Amino acid sequence: MSTETENIESLVNRRYEHGFVTDIDSDSLPPGLDEGVVRAISARKNEPEFMLEWRLRAYRLWLEMREPNWAHVHYPPIDFNKISYFSAPKSDKDRPKSLDEVDPKLLETYDKLGIPLHERARLAGVAVDAVFDSVSVATTFKEKLSEAGVIFCSFSEAVENHPELVQKYLGTVVPQRDNFYAALNSAVFSDGSFVYVPKGVRCPMELSTYFRINAANTGQFERTLIVADEGSYVSYLEGCTAPMRDENQLHAAVVELVAFEGAEIKYSTVQNWYPGDENGKGGIYNFVTKRGDCRGANSKISWTQVETGSAITWKYPSCILRGDNSVGEFYSVAVANNFQQADTGTKMIHIGRNTRSTIVSKGISAGRAQNAYRGLVRVMPQARDARNHTQCDSLLIGKDCGAHTFPYMEIRNPSARIEHEATTSKISADQLFYCRQRGISEEDAVNMIVNGFCKEVFKELPMEFAVEAQALLNVSLEGAVG
Amino acid sequence: MSVLALPDKALRTAVRELPENALAANRQAALARFLERGFPTTRLEDWKYTDLTSIADISQRWLESGAPTATAASVSGRVEEIRAVVGIDWIVIGNGAIVDGTHIAGSEGLSIATFSELKHAPGYEHPLADLNAALLPDGLHIHVHAHSHHDRPLGLLFVDGADSQPGVTQTRVFIELDEGSQAQFVEYHASIGEADHYANSVVELSLAKGASADYVRIQARDGGHTQTHRTAISLQASSTIRYSGFDLGGRLVRNDLDIDIGGKEATVLVGGLYIAGDGQHIDNHVRIDHRVGPARSEQEFRGILGGRCRCVWNGKAIVQPGADGTDAEQSNHNLLLSERAEIDAKPELEIYADEVKCSHGTTVGQIDDAALFYLRSRGLDKQDAMRALTRAFGASIVSHSPIAAVADHLTEIVERRLTALTEDSDA
């Protein structure tokens, strides 16, 4: 365990204190997108022919698609030809030498988070596959995982070493033509993580990846594929941080999960990409497609997310409940402060018999932020005895923010039992007064009440994430009261 | 060009051939807008679940046959039937033309006139309202004078139908309630005739300060007929609307209920019941816009679905910035009786103020087996037990309908519809 810890410590300490621009020489492609760029990305990654073909098909589909505009968010049009679609660090050795390069404001924020990464990693024996810009630069714990037969590597490595698995599963959950951003991702995705858990194996540790966006104007197009074979179990953690930057950056990731009979995948995310400053300047555009396919009977996919970052979030982790008795879960806390805009939720598609889904969504709006829940529960005609319960609560802090709910229910089987409830409220003066009267500062009182509001979701997070999430929430809401 | 456009030339001719009156200029302007946009398509969020292709098709065939004024020999029969069972004062609008009811115009505190007499140009900002304004022969204007109270409900009977060629009719009513007035309205949609028919109607209600209106809308069209209907209600301070809508008939029915709260302490109570059987598609879109607060809105819709049918319910409450003290509640409950029924429900909240209390709840389910067993164990046969339970499900809407004069008739037609539905689903 100690060597493992050191590994992580050295890896993490080398350069990971959120929120700085690592000034290294990125091997970037010039901005712009055409078939040449797609071919160049594929060539640079030494991909086999099938990958190139797959990317080109996606690119051609993308050309015919239109940018979606149905989300409850507003932003200036994105010029896709001003984005550079590939950026890789030239060498592992180019690390920032000191913290002086870091924006002190952000450092302060992360101090307040109070949880050093290495400690977080040590707490759970987390294996870290750090995606630095677009190329995976380090993977640890490989041995222990390979003993169990678990494949956990960067997407590029998977293409190289396990092309048959990639070819078999890539795009089977989120096809290239799925949506505008998924098509774009399919054409130009740079790297990401790949996990395969063989039959009957319970993955011996929580798997974790940290993404960060680096190099100005580089869109981050990650692709993650997790396959849990029959009777296996895996818990995957994803955390995001991003450096301070004034220009908006595009992040269009795709995550695909496949769960076979009796398998379970737990996917947890803490997302705190740079949200822009108090005046709404800068910040990440986070347009993500995440979908899980419960392909076998009795399988289960559970999404838990804590979304506090990004200027604009557009994200709907979904479950296709194909197998009989399969279970889908979605637990979400979405916080939007200042000028942030979030349009997030989930889709539960009931296809198999006796499928169950639970949705718990907690939205918190503060400042001038707009926070929307958008969810779909669809029960297909053959899905006998489907069951869904949705609870979606919004908390408003301040006069200028907005909280919105757009739940869709499409029910085609009479045996379905569907319940949806939603409430919107603010922190009441009574609650605050009660806390203040007992000597708790207003800010602490708000944090306490908000944490209580989100408890149902936090308890679903792996322990180390739960601790961080609470701290993150407090930081995110700073300045919201007063 | 939209796939659901209508042929330009034929449409222009149809507009030109309408009776020459004060609406002519307005028709042209509305026509230009409609030609630009055509019918809304399923690519639009608000029309995602309702495809107007069949309506566009009826309209096209109607234009091709020279856009005749729809006539059905049996329309008057249907009017008499309704008159016989609901004893209130009716204004009859047959195939878009005001045919009867002017005798009421003399009532105290009430004026009734046509749009052309008043030179009232109907507004248009939605594609279907455009179409309505473009093809409207004339509209009906009802004015309830300030502080006048009317205990006797006024009925608006929209009867349409065509016997041989496809028919399209446009109906428009504007109701203005002055300060402190009170009135009750029953709006009844019926149709008859063998040919395909599309009815497109717009009803606008404007409630001044302290005005109060009770409103019941009953839609009992013939099984083969289609309808798009828009109701726009605007409320000033301390005004109250109690509205109930019942959808029992029609093949393809879309209702838009748009309520605009522009004054403090306004109250909106909306109830709705839709009962759909084989081949029916009933879509109810409700939008309540709280522009100022404090104000209260409540809406409860219930649906009973049998056979191969599809119902859509979309309830939206918007709380605009500064509308503090808003209390908005929406609920929607659905009972599915058949394997082939589909419900698409979407309760939406858009909130831009923080001193608010908003909630919504939606459920979809079937008849509880335990309840069914209980009733059967008490000697009811399955069909009676089913009927009792479905009746109970819809009862809260029927019994809260605000106008007593139509209560018996409503109970009877709901009962009849449910009987047909439970028999079908049993088979």
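**A loop residue, a covered strand and the overall build**

A:D324 sits in the loop that links β16 (318-321) to β17 (327-336) of chain A; here strands are DSSP runs of E of at least two residues and helices are runs of H or I of at least four, numbered from the N terminus. The model is a predicted one, so local features need pLDDT of at least 70 and side-chain atom pairs count only at pLDDT 80 or more, while totals for chains, interfaces and linings use all residues. Residues are numbered from 1 along each chain as its sequence is written, and chains are lettered from A and ligands numbered from 1 in the order in which they are written.

Beyond its neighbours within four places in sequence, A:D324 has contacts with A:A297, A:G352, A:R353 and A:N354, a contact being two C-beta atoms, placed from the backbone, that lie within 7 Å. For A:R353, 29 residues apart from A:D324 along the chain, the C-alpha atoms are separated by 4.7 Å.

Now to strand β13 (residues 284-294) of chain A, where eleven of eleven residues are buried. A:I284, A:N286, A:V288, A:K290, A:G292 and A:C294 point one way, A:Y285, A:F287, A:T289, A:R291 and A:D293 point the other, and all are buried. As for partners, two strands pair if DSSP finds at least two bridges between them. β10 (residues 249-251) runs parallel to β13(A) and is joined to it by three bridges, with A:H251 partnered by A:N286. β11 (residues 254-259) also pairs with β13(A) in the parallel sense, over six bridges, and there A:V254 has A:T289 as its bridge partner. Four bridges tie β13(A) to the parallel strand β15 (residues 312-315), where A:F287 stands opposite A:W314.

Of the 427 residues of chain B, 53% count as buried.

Terms used. Buried ≥ 20, exposed ≤ 12 C-beta atoms within 10 Å, placed from the backbone.
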